[in-house]
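Please take me through this structure stop by stop. Tell me what to select in the viewer and what I will find there.

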Amino acid sequence: MLLDSCQVLDDVFPNKPSSVPPPTQIACWGDSLTFGKGGTPYPTVLANELPNYTVKNFGIDGQVSRAIVARQGGIPVTLSVEGNAFNGAGAIKVTKLSTQLLSTVANNLTMTLKGRVNEVPCTLTRTAKGGGEAQVESYTLTPAEASTVSVPADSVFISDDAVAYQSALQVLWLGRNDVPDFDGIVNLIDNCINYLPNPKFYLVLGILMSNQETKGTAGYKQISDFNALLQRRYGSNFVPMTPPTADELKAVGYTPTAQDQAQLAQDIFPAGVRSDYLHLNSLGYQIIARRIKDKLVAKNWYVQQAK
């Protein structure tokens, strides 16, 4: 269930001015829009725009919000393995996984994530075959060194990335692959924020419209309403995904065509800064990166001294 849309998050997670300096690490969590499908990823652009920051791209193409939040650390991940113990140095089959945190329908790539189970350093590996509804995914767990440590049912898997970047400034771009079902997404974002130490440094990006979600369509209204809820809830920590302004297009060196102008009037990102119906190209990702930088400046989170 969505939380009260009139409740601003500062009432739940106070984000008052702090004497603690902002982090110079930025962790960007998301799906293909964070991964950078179609162009140079916005985290790469952001790293170039912010030379005094370390920016990490944690985008996985095709992921839904729950998987992203599990990787970020916002929800615990538990697993069970065949034999209920490590078996030397080899991989053991994962028989149960609370959240398939490396899963995606977008590809069958083998993906890995390092972490710990019962204090044993190990690697969680996802493999997949087939496509669409016929896709079958499997997970295994491999210790860094030979081990016979017990792994009771529903043991907690702690991701190294979630721990290493817990204190980083977090950029959260979730929800696009959950369209049209936004139920529970706000709670998942709140879980991400809950995971952070105080004071909390984070930004929440709005849902990007596709080129089919123009003014007057049901999709446009649904996404607009959800973005309005995010704006109210996260206040100054929210970064809107409204169409680029004339100044933003000029800043990336792009002159809109007549088609672009028509799409801007429909309140969507135009074709000239997209790579397909949804994803952006390098110009589009530049616009996103600069919006994030501008927000950091506005919140006095822009650290200019050397690392």
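In which sense do strand 9 and strand 10 pair, and over how many bridges? Select residues 169–173 for strand 9 and residues 202–205 for strand 10: the pairing is parallel, over three bridges. Keep in mind that this is a predicted model.

**Stop 1**

**Stop 2: the barrel**

Six strands form a closed barrel that runs 3-4-7-6-5-8, with antiparallel pairing. On average, neighbouring strands of this sheet are turned by 45° against each other, direction ignored.

Select strand 6, residues 120–129. Seven of its ten residues are buried, so strand 6 is largely enclosed by the rest of the structure. Cysteine 122 is also worth a click: it is buried, with a relative accessible area of 3%.

Arginine 116 has proline 121 in strand 6 as its bridge partner. The hairpin of these strands has two residues between them, and asparagine 118 takes a positive phi near 50° there.

Strand 6 pairs with strand 7 in the antiparallel sense, over eight bridges. Threonine 125 stands opposite threonine 140 in strand 7. Strand 4 (residues 92–97) and strand 7 (residues 136–143) pair in the antiparallel sense over two bridges.

**Stop 3: the loop between strands 6 and 7**

Six residues lie between the strands in this hairpin, and glycine 130 takes a positive phi near 80°. Step along to glycine 132, which is in the loop between strand 6 and strand 7. Is glycine 132 buried or exposed? It is exposed, with a relative accessible area of 60%.

**Stop 4: the nonpolar cores**

Select Leu79, Leu141, Phe157, Ile189 and Tyr234. These touch the most other members of the largest nonpolar core, which has 51 residues. Then switch to a second, separate core of 34 residues, which includes Phe201, Leu203, Tyr254 and Leu296. In soluble globular proteins, nonpolar side chains tend to be buried together.

**Stop 5: two helices**

Show helix 2 (residues 42–49) with helix 9 (residues 282–298). They pack at an angle of about 50°, and their axes are 8 Å apart. The two helices are therefore oblique to each other. Helix 2 passes helix 9 in a right-handed crossing.

**Stop 6: the cysteines**

How many disulfides does a search of the whole structure find? It finds zero. Cysteine 192 is in no disulfide, and the nearest cysteine sulfur, that of cysteine 28, is 13 Å away. Finish on cysteine 192 itself: it is buried, with a relative accessible area of 1%.

Methods: Residues numbered from 1 in each chain as written. Predicted model: local features only at pLDDT ≥ 70, side-chain atom pairs only at ≥ 80, totals over all residues. Heavy atoms only, no water. Disulfide = S-S within 2.5 Å. Buried < 20%, exposed > 50% of the residue type's maximum accessible area, 1.4 Å probe, protein only. Pairing = 2+ DSSP bridges. Helix = DSSP H or I, 4+ residues; strand = E, 2+ residues; numbered from the N terminus. Axes fitted to C-alpha atoms, helices over the stretch in contact; angles between N-to-C directions. Core = buried A, V, L, I, M, F, W, Y, C linked by side-chain atoms within 4.5 Å. Parallel < 35°, antiparallel > 145°, perpendicular 65-115°, else oblique. Left-handed = near helix turned anticlockwise from the far one by under 90°.
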